[in-house]
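Biologist: I am new to this structure. Please take me through it, one question at a time.

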Amino acid sequence: MSKELELSKEDFRKMQLIELDLLKEFDRVCRLHNISYVITDGTMLGAVRHHGFIPWDDDADICMLREDYERFKKEAMKDLNPDICFFQDNTTDPYYRWGYAKLRRSGTQHIRVGQEHLKCKTGIFIDIMPYDDIPHNLCLQLIQNFYCFCCRKILWSEVAKKNTSGFKKLWFSLLSHISIKTVYDFLSIYTSRSRNSSTNRVRLLLFIPPGREYTKKPLNDRYGMTKKWITERAEYIFEGVPLYGSRDYDGFLRWKFGDYMKLPPEDKRCGHAQVSFISFGEK
């Protein structure tokens with residue numbers, strides 16, 4: 001596996017500020033078209049606890065309900081400033097293999113450790129995550145979760161086959177022959193049924209269930225979160241910029257992180273997007 005690049009404090013902050021520009025551009029276009037979104041996960045935590053980026057956080061996260069996500073792609077994506085960014089998902093980049101979109105900074109490069117061989121476009125990014133309905137019935141939730149697990153591993157296989165050995169390498173090499181289109185066609189069984197107006201709980205389908213330490217949560221609280229944390233919004237100041245987040249930030253952050261105001265131990269203060277190469281696009 002390739003070696004992780006250690007960024008200087010100055011370059012790390014420069015990356016965060018580029019991500020802030022992406023958040024501002026995304027927010028501008030969503031407001032222009034009256035499309036709903038919320039900042040989420042570490043970005044929501046940063047807004048509440050630090051009034052901006054968590055100092056060691058290396059990305060930014062936005063979530064949208066499926067109907068809003070599809071509206072953004074259909075109505076709003078064309079209004080993004082191409083000098084600032086481009087929208088990337090499996091419909092705009094045939095080599096893209098993840099279950100959520102990215103907004104990437106034009107003219108930059110950002111390559112993750114172990115993903116140097118992928119053909120998809122790169123660039124400093126923020127994540128845009130479409131949340132879909134999960135079934136009311138627990139048994140059907142378990143079936144959906146297994147189905148999504150299989151789809152996720154197929155998409156991940158192109159990375160895993162280069163970074164594993166033995167039986168795992170063989171297994172992921174076989175899975176990598178399944179086309180990306182096939183996976184997303186399978187997934188439409190669930191995405192086509194998601195409705196903003198439903199009472200279902202929601203999750204990002206092609207990621208692990210969303211709760212903090214989800215295997216320790218009760219089964220009926222494990223596979224999705226309440227939809228009101230996305231639909232009921234308020235403005236928060238993030239790095240001096242007004243962005244939308246969940247109105248019930250305390251309920252969401254406690255569900256996601258537990259005692260969220262408590263700082264983690266110093267050895268846990270690290271990002272999760274390990275990078276092997278980065279370019280800020282400067283001449």
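Biologist: How much space lies in the largest cavity?

Modeller: A search of the whole structure finds 1 cavity of 30 Å³ or more; a cavity is a set of points on a 1 Å grid over the protein atoms alone where a 1.4 Å probe fits but cannot get out. This is a predicted model: local features need pLDDT of at least 70, side-chain atom pairs need 80 or more, and totals for chains, interfaces and linings use all residues. The space, filled by probe spheres set on the points, comes to about 30 Å³.

Biologist: How many charged residues line the largest cavity?

Modeller: Residues are numbered from 1 along each chain as its sequence is written, and side-chain values use heavy atoms, without hydrogens and water. The lining (an atom within 4 Å of a point) includes Val38, Ile39, Cys63, Trp229 and Phe252. Strand S1 (38–39) and helix H7 (228–231) each supply at least two of the lining residues; helices (at least four residues) and strands (at least two) are DSSP runs. By class there are 7 nonpolar residues and 2 polar ones, and the number charged is none.

Biologist: Which residues are closest to the centre of the second largest pocket?

Modeller: About 340 Å³ of space lies in this pocket, an open set of points with protein on both sides within 12 Å along at least five of seven lines. Its lining divides into 9 nonpolar, 5 polar and 5 charged residues. H1 gives the largest share of that lining, 3 residues. Of the 19 lining residues, the closest to the centre are Glu4, Leu7, Phe12, Asp58 and Gly271.

Biologist: Is Arg152 buried or exposed?

Modeller: Arg152 sits in helix H4 (residues 138–163). Beyond four places in sequence, Arg152 touches Leu206, Phe207 and Ile208. The C-alpha atoms of Arg152 and Ile208 are 9.0 Å apart, though 56 residues separate the two along the chain. With a relative accessible area of 18%, Arg152 is buried.

Biologist: Which side chain does a polar contact of 3.4 Å join to that of Glu158?

Modeller: Glu158 also lies in helix H4. At 3.4 Å, the side chain joined to that of Glu158 belongs to Lys161.

Biologist: With which side chain does the side chain of Ser276 make a polar contact?

Modeller: Ser276 belongs to strand S10 (residues 275–279). Ser276 is buried, because its relative accessible area is 18%. Its contacts beyond four places in sequence include Ser2, Lys3, Leu5 and Val113. The polar contact of its side chain, at 2.6 Å, is with the side chain of Glu116.

Note on methods
Buried means under 20% relative accessible area, exposed over 50%, partly exposed in between (1.4 Å probe, protein chains only). Contact means heavy atoms within 4.5 Å. Ala, Val, Leu, Ile, Met, Phe, Trp, Tyr, Cys and Pro count as nonpolar, Asp, Glu, Lys and Arg as charged, and the others, Gly among them, as polar. A polar contact is a pair of N or O atoms within 3.5 Å; within protein, one must be able to donate a hydrogen and the other to accept it, and residues adjacent in sequence count only if both atoms are side-chain atoms.
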